[in-house]
Structures are given as C-alpha cells and as structure tokens.
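Here are my notes on the side-chain contacts, for you to read with the model open. Please go through them point by point.

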Amino acid sequence: MRRLAGKLMCCSALLRLAVGMIAVAPVLFNSNFLAAQDQPVKVWPPPKPVPSETESDTSAPAAQPSIVKVPDFSKEGLVLERVSTKIRVEADGTGSRETVSRAHVLADSGVKALAVLAFTYTASNQQIEISYVRVIKPDGTVVTTPDYNIQDMPADVSRAAPMYSDIHQKHIAVKGLGVGDILESDVTLRTIKPEIPGQFWMAYSFEKNLIVLDEQLDLDLPADKDFTVASAEVQPAVTTAAGRKLYHWSSLNLARPDPDAPPKSTRHLKPSVQVTTFKSWDQIGAWYKSLQRNALVVTPAIQAKADALTSGLSNNDDIVRAIFTDVALHTHYVGVAFGIGRYQPHPADDVLANEYGDCKDKHTLLATLLKAAGIEAWPVLISASRDLDPATPSPAQFDHVITLVPLGSKFLWMDSTMEVAPVGVLAAVLRDKKALVVPNDKAPYLETTPANLPSPSSVQFKVAGKISNLGVFAGHVDETVDGDAGMLFRAAFRRVPQSQWKELMQAIARLQNFGGEVSNPQVSQVEQISQPLAFSFDYTREKYYQWDDHDRSHWIGPPMPGMGGELPPGVKEKKPADDPELGAIGQTIYRTSVQLPVGWSMTPPRNTDVKEDWGEYFSTYSFSGGIFTAERCLIVKKTKAPLDQWEQYLAFRRAIFEDENRQTLIAPTRSSAGTK
C-alpha cells in the first residue's frame with residue numbers, strides 16, 4: 001500500500017540520510033541556455049523596482065495609489081521583492097538571458113540561503129556575466145561584492161567525472177549580507193553557440209514556493225521566425241516592434257502553498273511558459289539520432305567486450321541480460337540530467353574505458369555493445385519529473401534517457417542508470433508515461449511506458465522465535481524481496497561495504513520497529529539482479545513488547561513490521577484530486593511463529609479479511625502446542641484506487657492499522673488470557 005510503504009520507507013531512509021527542509025530559491029535559469037534544473041544551484045533574489053515612465057514624467061499628474069492590504073511576511077526567511085528575467089533570442093539560436101533581482105532578507109535562514117550563489121553554465125558555448133551583486137543595509141549603505149569574491153570552477157560532477165569538465169559554475173560569496181538587508185544582483189547568461197543552429201527551446205515556471213512580490217518575464221524573439229509559445233497560467237501581453245516579437249508575463253506569489261487547501265491534481269502539470277521552434281516530435285527524434293550516430297561505433301575494444309560478455313550464449317534474451325547487467329552494475333552512473341551540459345553522448349569507446357557515464361552515455365554504451373552482438377537498441381527520451389505535453393515538441397520536456405530493445409515480437413524496456421533494476425524493470429516515476437522512442441530505421445514516435453512491473457512484486461518476511469519466562473525474545477528473521485522494494489534494499493547493500501552489513505541490518509531492523517539487537521547477518525548475491533534479494537539475521541530483544549517483570553501476564557503482538565499506509569483512527573486525510581496511488585501490483589506476506597514459555601497460554605486475536613477490487617488484506621492467528629502463529633498479507637491488485645471509492649480506501653487502511661495494533665494477553669496457564 002502506497003508503494004508498499006512499510007518496505008520502501010525503511011530503505012529510502014537508509015539511502016537518504018539527510019533531507020532538506022525547504023526549497024530556498026526559484027530556478028530562474030530553466031531553459032536550454034542553462035539547463036541546470038537538478039543541480040545544487042542557489043538562485044539569488046530580485047531587482048530594485050524601476051520607476052515607470054509615468055513616475056519619471058514630472059508633467060504627468062500623480063496617480064492615486066490603490067490601497068492593498070499587504071500580508072505579514074515577517075516570519076519568512078526572505079521575500080523576493082522583484083525578479084525580472086529578459087530573454088533575447090536571435091534567428092541563429094544564440095541569445096542572452098538577463099536576470100535582475102532584489103530580495104529582502106528577514107531571518108538568518110535567508111542569510112544562509114543567499115550567502116553563496118552558484119550559477120551553472122556550459123563553458124564551450126555559454127558565458128556568464130556578473131554586472132553586480134550588492135547588499136543594501138537598512139541605513140542605505142551599499143556593500144558591493146568585489147570581483148575577487150567570484151570564482152569560476154568546474155562543477156562538482158566534473159571533479160568526480162572529468163569527462164564532464166565542460167560544466168562550470170560561478171560561485172559568488174556575497175559580502176556583508178545580514179538580517180534586514182536587501183540583496184540585489186544582475187546576472188546575464190549568454191549563449192554564444194547554439195546547441196542546434198537556428199533552433200531554440202525553453203521552459204520557465206513562476207515561483208510558487210517563496211513569497212514573490214513581483215516577477216516579470218520578457219521574451220524577445222525574431223518576428224520572422226516561427227516559434228510556439230505556450231502559457232499554462234498567466235497569458236502574455238504581445239507586441240511587435242522593429243522586426244521583433246515581444247512577450248511579457250507578470251506574476252506574483254503572496255502566500256506559500258496552503259497545507260490545508262484542497263489538494264490539486266498533480267497530473268499533467270506544465271511549466272508556466274514553454275517556447276520551442278521544433279514543429280514535431282519526429283524532428284526532435286531525428287536531431288537526437290544524428291547526435292548519437294558517431295558515438296555508436298563498434299571499435300575493437302567494444303567488440304572484444306561484447307564477445308567476452310556473451311561467450312557461450314546463443315539465446316538473444318540471455319545475451320541482452322548479460323550485456324545489460326554488466327553495463328548497469330559496472331559502469332558507474334554519474335547523475336547529470338539529460339540537458340545539463342551538452343546533449344551529445346560521449347563515444348561508447350570512451351564510456352567503456354572510463355567506466356562511468358550519465359544516462360545518455362550509459363545508453364550509448366549499452367546500445368553499442370548490443371550492436372556488436374547483433375541486437376538493436378533504441379534510445380528513449382523521457383522525463384522522471386513531469387508528464388509529457390504532446391502539443392509542445394521540445395527537448396526541454398526530457399530529463400532522462402532509457403533504452404528500448406525490440407526483440408522479436410516483444411519490446412524490452414530497461415534503464416541501466418538504476419544499476420540494480422533487472423531487464424524490463426523501470427522505476428515507478430518512469431512507468432505509465434509518454435516518452436519519445438528513437439528507432440534506428442524508422443520515424444521517431446511517442447509511446448507510453450509499461451504501467452506495471454514485468455512480474456508481480458513480492459515481499460516475504462518470516463520470523464521464528466521464542467519468548468522466555470523473563471520476557472527475552474530470541475529468533476531468526478528471513479526476508480525475500482523483489483520489485484520496487486527489492487531494488488531499494490539491493491541499492492542499500494551495494495552502497496555499504498560488507499564489513500558494515502551488520503550495522504545496516506541493525507538500521508533496517510530499527511526502521512521496521514524492531515528495537516532489539518541484530519547478529520549473524522546473511523545476504524544473497526547482491527549483484528544477481530535478475531533474482532529476488534534474500535537476507536536474514538538473528539534477533540534478540542529483552543523486555544519484549546510491553547513486558548513488565550512485576551506482572552504475571554503480558555500484552556504482546558506478533559514480531560512483524562508495518563505494511564505501510566496504515567491510517568490510525570481519528571486521523572483525517574483530505575480527498576486528493578487524483579486516484580490514490582497503491583504502488584506496484586503484487587503482494588506482501590508476513591509470517592511469524594513464537595513459542596511461549598512452557599505452561600503459558602493465550603487467546604489469539606480474531607482474523608481480519610478486507611477485500612476491494614483494487615486490493616485485499618487478510619490476517620490469520622492461531623495458538624497450538626504452545627506456539628503462537630500469525631500471518632498477514634497485503635495484495636495490491638491495481639496500481640491505483642478509484643477516487644470515487646475514497647471512503648472505502650480510508651476504511652481499508654484503518655482496518656490494517658486496527659489489525660496491526662491488536663495485542664493478545666499471554667500468561668501462565670492458571671492466569672486469565674485475552675485480547676485487546
């Protein structure tokens with residue numbers, strides 16, 4: 001439930017040791033001029049308002065200002081008083097993007113957010129100009145950040161992976177910034193060489209997570225060139241002058257998202273503004289096909305590698321699996337989103353030699369090795385962060401590249417960047433999404449990725465143990481996982497050296513609400529990604545459950561983790577705008593057997609069985625021969641619950657919570673025993 005939340009949450013927590021509290025600043029450079037959406041870029045604040053023509057004309061009568069009640073922003077870390085972005089595009093695809101900004105810093109959190117500014121660009125075809133970065137103190141004193149506080153350096157990714165040394169950043173240590181100050185800046189990004197001569201594309205989203213008093217976007221395009229300009233929210237004012245077509249948008253945001261507001265649909269979200277010169281998806285596919293053509297050369301080194309990986313194999317399925325597994329596991333993934341830096345992949349021979357690559361590089365190596373083995377593989381452009389807008393063909397809609405292999409009458413989808421995903425398995429964020437497939441010998445086309453895993457997901461959890469008459473539980477835990485949960489657990493074990501697996505197992509046990517001690521960890525072959533992952537450990541817990549030495553009877557429950565998605569009584573949830581996500585189709589089964597002390601007895605809890613068209617949960621409990629046995633099973637039949645069954649969905653989750661929290665009283669035979 002909720003993507004088998006109990007399992008996924010525990011492993012996700014292991015993979016993400018620190019989570020940011022808030023998004024600090026808007027992404028202002030979000031077009032192909034500076035495709036840095038997923039880089040750790042701190043974007044600074046906005047510009048001092050420019051007097052209007054009326055204000056500068058002393059002969060004009062003074063306008064009477066309208067009275068507007070300004071909300072109280074005193075508890076904010078910063079307020080963006082103005083952000084003005086002006087984008088000019090030339091017919092050949094070159095251009096500039098100037099952002100003038102002005103921010104009022106109201107708390108120390110705002111100081112920390114803006115103390116160091118970083119701007120990413122591609123050194124081979126872009127330049128960044130810093131006109132000024134200055135602080136205005138409350139008394140009017142101006143502190144200008146000197147040039148020597150500005151450093152140009154390779155981006156972090158290029159230090160770890162020199163093949164991406166073209167990606168640079170300007171780092172600016174802001175001088176003299178404190179609480180109560182105004183920070184102003186003027187930064188221009190120039191594209192001196194277009195990615196594609198004569199083509200342009202961009203996506204821009206107005207800020208909705210910070211307070212913005214005035215946000216302006218101006219787009220200056222050649223009037224004689226055909227552009228598609230799509231606005232999802234505010235519609236632009238459009239004028240024409242001196243052979244140019246000018247678009248102007250204005251926005252503000254006077255409140256953070258209201259957590260108590262009715263939820264909005266997250267499907268088909270679009271940027272505020274999209275601009276493109278591409279007229280069809282076929283045109284974009286043909287462009288990308290031309291970019292990768294020279295990278296797909298089968299060199300002697302590539303052929304030798306393919307031969308070594310496929311030696312003794314004759315079945316194409318086995319050949320694909322062998323090559324994919326090697327590329328996935330042993331070519332290190334460098335997390336540079338498609339569009340960051342350059343779009344052209346590096347030659348497969350270089351990726352093989354360097355043993356690392358981003359998404360397009362890993363696809364290129366995989367496709368070239370398969371080519372050497374006589375098998376086609378096609379690139380697929382996709383977005384992990386949004387749904388594709390078919391009406392606006394643009395490379396800005398993609399942030400990832402995966403692979404599609406046509407094998408006889410079937411198509412195998414695969415993503416080698418996940419490293420631990422088997423052939424045919426895509427991450428949840430890539431399933432049931434439109435993507436651009438670029439075949440070798442026919443026209444590119446839009447296709448929807450599979451909505452489900454190739455086979456049902458499975459989580460099996462088994463505990464066998466006993467409780468002493470002093471309340472010490474000693475037992476053995478076995479878990480076998482595949483599907484989404486299996487990938488997360490496998491990724492965790494790959495990232496931690498085997499010498500620290502005991503500590504990892506202990507952390508897993510804690511996250512599964514097992515408060516005792518773990519020992520003797522055992523794990524199956526982590527890199528056998530086509531097989532379920534199995535691991536086990538011995539487990540000891542003193543003072544099991546609510547054990548109290550002063551009492552003769554004790555309340556206990558079976559040693560099981562939560563299923564995930566449980567809803568406690570009295571907790572209210574707002575009805576969403578979209579169908580609730582249930583996760584991958586499959587089942588989670590927990591089984592336990594607990595031997596009670598000799599001469600002790602109990603009355604097992606009552607069984608539970610809840611069935612819906614989209615899911616089922618049942619539990620069974622028994623006590624025989626001094627052994628308490630329990631089984632709980634969650635079956636996900638569909639990936640979503642219908643929104644019109646919202647109340648049944650909530651009742652389903654409440655039933656799971658009630659069952660998981662039901663306890664039974666154990667006691668020596670002459671004492672009473674019961675359940676609660």
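The points below cover charged pairs first, then aromatic rings.

1. A word on the ground rules. This is a predicted model, where local features need pLDDT of at least 70 and side-chain atom pairs count only at pLDDT 80 or more, while totals for chains, interfaces and linings use all residues. Residues are numbered from 1 along each chain as its sequence is written, and side-chain values use heavy atoms, with hydrogens and water left out.

2. Let's start with salt bridges (a side-chain nitrogen of Lys or Arg within 4 Å of a carboxyl oxygen of Asp or Glu). The count comes to 32. One of them joins Arg82 and Asp214, at 2.4 Å from N to O. Those two come from distant parts of the chain: Arg82 is in strand S1 (residues 78-89) and Asp214 in strand S10 (residues 212-222), 132 residues apart. Strands here are DSSP runs (E, at least two residues), and helices are H or I runs of at least four, both numbered from the N terminus. Both Arg82 and Asp214 are buried; buried means under 20% relative accessible area, exposed over 50%, and partly exposed in between (1.4 Å probe, protein chains only).

3. Have a look at Arg190 and Glu129 too, a salt bridge with its closest N and O atoms 2.7 Å apart. Arg190 belongs to strand S8 (residues 182-191) and Glu129 to strand S4 (residues 126-136), so the bridge ties together parts 61 residues apart in sequence. Arg190 is partly exposed at 32% relative accessible area, and Glu129 is partly exposed at 31%.

4. Lys360 and Asp358 also form a salt bridge, with 2.6 Å between the closest N and O atoms. Lys360 is buried at 2% relative accessibility, and Asp358 is buried at 1%. Elsewhere, a network of salt bridges links Arg606, Arg632, Glu658, Asp659 and Arg662.

5. On to the rings. Aromatic pairs (Phe, Tyr or Trp rings, the six-membered one for Trp, with centres within 6.5 Å; planes under 30 degrees apart are stacked, over 60 edge-to-face, the rest tilted) number 24 in this structure. Among them is the tilted pair Trp201 and Phe278, 5.7 Å centre to centre with 50° between the planes. Trp201 sits in strand S9 (residues 201-204), and Phe278 in the loop between strand S14 (273-276) and helix H5 (281-293), 77 residues apart. Both Trp201 and Phe278 are buried.

6. Trp287 and Tyr288 make an edge-to-face pair, at 6.3 Å and 70°, and both are buried. There's also a cluster, in which ring pairs link Phe461, Phe473, Phe514, Tyr539, Tyr544, Tyr545 and Tyr590.
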